[in-house]
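Welcome! Take a moment to turn the structure around, and then read on for a short tour of some of its features.

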Amino acid sequence: MSRFPEIALAAALAALCLSGPAYAGDPAAGEQVFKRCKACHAVGDGAKHRVGPELNELIGRTAGTAEGYRYSSAMEKAGAGGLAWNAETLAKFLDDPKGMVKGTKMSFAGLKKPADIDNVIAYVATFSKPSEAMDAAPKPEDKKTEAAPTEPKEESARAEPVKPAVAAAPAGEGGGLNYHLGRTATAGEIAAWDIDVRPDGVGLPDGSGTVAQGEKLFDAQCSSCHGDFGEAVGRWPVLAGGQGTLKDDRPVKTVGSYWPYLSTVYDYIRRAMPFGNARSLSDDDVYALTAYVLYLNDIVTEEDFELSKANFGTIEMPNAQNFIADDRAEEPQYLANKNNPCMTDCIAGVAKITMHAEVLDVTPDVQDGDDKKPSAGIE
Amino acid sequence: MVERSGNGQSRRGFLKAGLAGGAALAGSLAAGRVLAADDPAITQIQDWNRYSGDGVDAHPYGMPSPFEKDAVRRNVAWLTADPVSSVNFTPLHKLDGIITPNGLCFERHHGGAAVVDPAKHRLMINGLVEKPLVFTMDDLRRFPRVNKIYFLECAANSGMEWRGSQLNGCQFTHGMVHCVMYTGVLLKDILAEAGVKPAGKWVLAEGADSAAMTRSIPMEKALDDCMVAFAMNGEALRVEQGYPVRLVVPGFEGNMWVKWLRRLEVGDEPWEQREETSKYTDLLANGKARHFTWAMDVKSVITNPSPQAPITHGKGRLVLTGLAWSGNGTVARVDISTDGGRNWKPARIDGPSLPMALHRFYYEMDWDGSEMFLQSRAMDEKGFVQPTKQQLRAVRGANSIYHNNGIQTWYVDTNGAAENVEIS
């Protein structure tokens, strides 16, 4: 789900009407943001260099080349390395000036809000010629040169594909920004497919549903696989219970015991359930079923509890805090042997068998249909 | 035959019978002696030597020899609730080299294999982009194309072995991996066509199947080496591999390689979809779970001999072979132990050594007919050495399901039969 659906729509419309690229931001809002830049930079009629260079015709300008301005050697070097200013490179620079061009004399720490960055670029771009503004769209070439000053990218021996010469058709007419391939997606098309929901609630549709409504739907459409109480039939996913078992020998991972985000429940039911009949539930149905799954897990306790877009964010999942980052590379078994595998007398004594696959008798093709489930299956 | 027999008694019985003849033959040949009787394979005229075979119009799409009917994918019915949301396994013990034939690449899908009409397939890019776009398959073919060989491994490969040896065959313990050459276009070129906005840090990839499979891909990876591929091993993707187009995420867990790719959304945060929260997270012994464990660790397995591929020729020359791979790049070395990890000897990597592709190794030896505890151990270009299963369990416990790259042990008895075992 686009975080700025109205902007995406506006951009789509703009793309249909104009030949120039649609900037992400709003120039009017950018003018406000630019107040923070004005102490050092001028733009517009008669703008002159101040502490920093003037910014007319900035889009398309090679970094460090505004006539008559004394740049840091770092900025001149970046420009010589191919850095040119466009929406993408400017955004990166404004996000972290010294991170991008190490040694720049611009002492500004950077803009922290992505929207501010988009807006101020849109504002500054209004003082660049449209023909050059068209180049503002990120191109593969830009990406490469932008990386060049800090980390020269290793290129394979294979020659880079030859890029077509300059635009044959204006990018605004439906095609993409570099090769003019594809066409602009319509708002209706995006709405039809973009149904994802994030933990912060972005993407949640309007609507609501109660536990009681969810129970009816669940009994009719879900319980044949997930069981009457979410306990599951056969090896279908268990939805409820298991809280407090994650450290056990046989943990039971359910929505209540394991899932960190409620948004995932809504998103998944909406896109993929019921199994074999996806996309058949209404948004209200999905709220009701999500509420019922919460009820089955004792996360809500009243049958008349109603889950809605408005109160969705108030529900906290019990296991939300128990997810950690990937730290496999720091594990002792890797650190101990890194680059240096043992070659001789690595383990004392002779090897003795401690476990046979056959003993468990779960090898395929001898399975006789009894309840011989693997002790560790796949999910 | 052997591989289908899991019953210890009958399997051993079979092997005994089978080996008696084979060993006698091998022994006599090895000694350079003359057979008592002439070999009828030579002295009798075979049917194929006398009668004409099929014409060129008999098989518009060629299939393997009927004598190779056991080189097939197999599933394990009780692993999952339903074959429509399940997995099958590549017959690694039947293959050689580093390329997996298209029809033998393991399958994993969550709502069955979608049969998508390419004329009606669209790839949309939306979210934090300058221009939301829709591409047809024809559009995708007009981007610059690249060809790359990569392995794809399911994060749950060997997942059934976390608690100890379970499945008797490398097809089942390690068969959720395959390696093909992909043809397609770079994801970064497609993203640039739409123009990623500065705030865009993640890409959500979505499939067109009935699971509408989704994963959040970090932008750094998306702009590095990800591909949008429409061909594998020179021909169109197979249906079960995402025809007409799939995402390729080199070195990362297979679940991220979204098949039947229909949408790419750019966003500033990950979406925390089902397959990256409730699944494909690695539960540790302390109750915490690792999240976004994308890269596949360094790993290897001996494919021959193995439980489905016992030694049938008796003692003497033995070619031991297997596969090694790492999501960190190339495999720098593979070592072999015949004594259960006490002592190791370097194996020989043969064929191309490509980053994030399968590597084929061989270890040629004289087998004296005594029992062996066979193990292989890979080290990748970053210096990561494949750990033992005990080491992994000591750190992670036994409930992780995913990312089990522990060293596999095959016990080979004096008859040449091999078993999946755990050893001290």
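Cys342(A) is partly exposed, with 32% relative accessible area, and its partner in a disulfide is Cys346(A). The two sulfur atoms lie 2.1 Å apart, S to S. Cys346(A) is likewise in the partly exposed class, because its relative accessible area is 27%. The torsion about the S-S bond is about -100 degrees, so this disulfide is left-handed. Over all chains the structure holds one disulfide. Please keep in mind that this is a predicted model.

What keeps Cys179(B) from a bond with Cys105(B)? The closest cysteine sulfur to that of Cys179(B) belongs to Cys105(B), but at 8.8 Å the distance is too far for a bond. Cys179(B) counts as buried because its relative accessibility is 0%. Another cysteine of that chain, Cys154(B), is buried too, with a relative accessible area of 4%.

Here are the relative accessible areas of these cysteines side by side.

| Residue | Relative accessible area | Class |
|---|---|---|
| Cys342(A) | 32% | partly exposed |
| Cys346(A) | 27% | partly exposed |
| Cys154(B) | 4% | buried |
| Cys179(B) | 0% | buried |

Chain A has 15 helices and five strands. Of its 379 residues, 45% are buried. If you look at the contacts in chain A between residues at least 6 apart in sequence, 55% of them join residues at least 24 apart.

A pair of aromatic rings is described by the distance of the centres and the angle of the planes. Over all chains, the structure holds 23 aromatic pairs. In one of them, the ring centres of Tyr287(A) and Phe312(A) are 6.3 Å apart and the planes stand at 80 degrees; an angle over 60 counts as edge-to-face, so this pair belongs to that class. The pair links distant parts of the chain, 25 residues apart: Tyr287(A) is in helix H13 (residues 283-296) of chain A, while Phe312(A) is in the loop between strand E3 (306-308) and strand E4 (323-324). Are these two residues, Tyr287(A) and Phe312(A), buried or exposed? Both Tyr287(A) and Phe312(A) are buried.

Tyr292(A) and Tyr295(A) form a stacked pair, with 6.1 Å centre to centre and 20 degrees between the planes. These two tyrosines are three residues apart in helix H13 of chain A, so about one helical turn separates them. Tyr292(A) is buried, at a relative accessible area of 3%, whereas Tyr295(A) is partly exposed, at 24% relative accessibility.

In chain B, ring pairs link Trp202(B), Phe252(B), Phe292(B) and Trp294(B) into a cluster. Elsewhere, the charged end of Arg377(B) sits over the ring of Trp344(B), at 4.2 Å from its centre.

Finally, let us see where the two chains meet. The contact takes 115 residues from chain A and 128 residues from chain B. The size of an interface is often given as the accessible area lost when the parts come together. Chain A and chain B bury about 10300 Å² between them, and 57% of that area is on carbon and sulfur atoms. How many salt bridges are there between chain A and chain B? The count is nine. In a salt bridge, the side chains of Asp196(A) and Arg263(B) meet at 2.4 Å, N to O.

Methods
Residues are numbered from 1 along each chain as its sequence is written. Chains are lettered from A and ligands numbered from 1 in the order in which they are written. This is a predicted model: local features need pLDDT of at least 70, side-chain atom pairs count only at pLDDT 80 or more; totals for chains, interfaces and linings use all residues. Side-chain values use heavy atoms; hydrogens and water are left out. Rings of Phe, Tyr and Trp (its six-membered ring) pair if their centres lie within 6.5 Å; planes under 30 degrees apart count as stacked, over 60 as edge-to-face and the rest as tilted. Helices (H or I, at least four residues) and strands (E, at least two) are DSSP runs, numbered from the N terminus. Buried means under 20% relative accessible area, exposed over 50%, partly exposed in between (1.4 Å probe, protein chains only). A charge sits over a ring if NZ of Lys or CZ of Arg is within 6 Å of the ring centre and within 35 degrees of the ring normal. A disulfide is a pair of cysteine sulfur atoms within 2.5 Å. Contact means heavy atoms within 4.5 Å. Buried area is the accessible area (1.4 Å probe) that two parts lose on being put together, summed over both. A salt bridge is a side-chain nitrogen of Lys or Arg within 4 Å of a carboxyl oxygen of Asp or Glu.
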